[in-house]
Amino acid sequence: MHSFKELRCRLVRNTLTNMVSIVRATTTEVMYPSKNDVQAMAKRLVEYYPVLRENSVNCKHTWVMDELRCILDRSNPDFISDLKTSWESFYGKAQFYGVFKKLLGPSTTQDKVTRSIAMMKALPEMFPSPVAPPKNLGHASEAMVHILEPTENPNTYLQRRPVFSPVLIICDSSCMLAIGSTPVITFPKENIDTAVLYLLAYYYTFHLTYPKCIATLLSVLQSEVQQDAIHDGYATSSYKKALSEWKKFIGE
């Protein structure tokens, strides 16, 4: 089971590795930081990332979006509002795209929660990856969302998940976002319409790799919703195909 302490260690380790790589790329000498350098860096990281502090439970929900802003568009004070607007625009078009692909039914009689769940379950098929999900995961959408059965224990479910990725667990009246087997935040079910944005934010914040079975979808959301371009070296053929079909459908 992965504790939140392990997630903090992952964040620190990946950040330090990136910093060392940058230094080594600028010199021909083999250079590593000294013990004092590492301690100084770790101290600065704790100051920079509030979530690394032991008493940070109440700040995770807002902190992760603030951190995403720092990564993608630090100078934009309206970044979060703009991001939500971008998601709403994408979501509206994706509803028609899902109907066009016969993955969604008409949403006129569905409430917001039902529509959001249907969308999250259909998105991996709208923008499919060529790699099938692990057999014991089931549908590719299970890599990002799971509806808890009445008799199902959320901790038991998380511990047996075969992928270490952010996932939204939907219960009767609330939602829980977890990374690996570690619950991170909970929020009311009526706020589910922005859950995808938080899933994406945690990928960025903890430097997590996209699961192969939903990599195409997450890449499309990265470029179309977060407006963070996919570099040519990371643009797979499935991403290019999915994006081309999407652009053609929305008339761009």
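Tutor: Let's start with a term: buried means under 20% relative accessible area. Keep in mind that this is a predicted model.

Student: Okay, why is Ser165 called buried?

Tutor: Its relative accessibility is 0%, and the cut-off is under 20%, so Ser165 counts as buried. Ser165 sits in the loop between α6 (154-160) and β2 (166-170).

Student: Which residues does Ser165 touch, leaving out those up to four places away in sequence?

Tutor: Ala143, Ala178, Ile179, Gly180, Tyr203 and Pro211.

Student: On to the rings. What makes Trp87 and Phe90 a stacked pair?

Tutor: Two checks. Their centres are 6.0 Å apart, and pairing asks for within 6.5 Å. The planes make 25°, while stacked asks for under 30 degrees, so Trp87 and Phe90 pass both.

Student: How are Trp87 and Phe90 placed in helix α4?

Tutor: They are three residues apart in α4 (residues 79-100), so about one helical turn separates them.

Student: How do you know whether Tyr203 and Tyr210 are buried or exposed?

Tutor: Tyr203 has a relative accessible area of 4% and Tyr210 has 18%. With the cut-off at under 20%, Tyr203 is buried, and so is Tyr210.

Student: How many aromatic pairs does the rule give?

Tutor: The count is 12. One aromatic cluster is formed by Trp87, Phe90, Tyr91, Tyr97, Phe100, Phe127, Trp246 and Phe249.

Definitions and conventions: Residues are numbered from 1 along each chain as its sequence is written. This is a predicted model: local features need pLDDT of at least 70, side-chain atom pairs count only at pLDDT 80 or more; totals for chains, interfaces and linings use all residues. Side-chain values use heavy atoms; hydrogens and water are left out. Rings of Phe, Tyr and Trp (its six-membered ring) pair if their centres lie within 6.5 Å; planes under 30 degrees apart count as stacked, over 60 as edge-to-face and the rest as tilted. Helices (H or I, at least four residues) and strands (E, at least two) are DSSP runs, numbered from the N terminus. Buried means under 20% relative accessible area, exposed over 50%, partly exposed in between (1.4 Å probe, protein chains only). Contact means heavy atoms within 4.5 Å.
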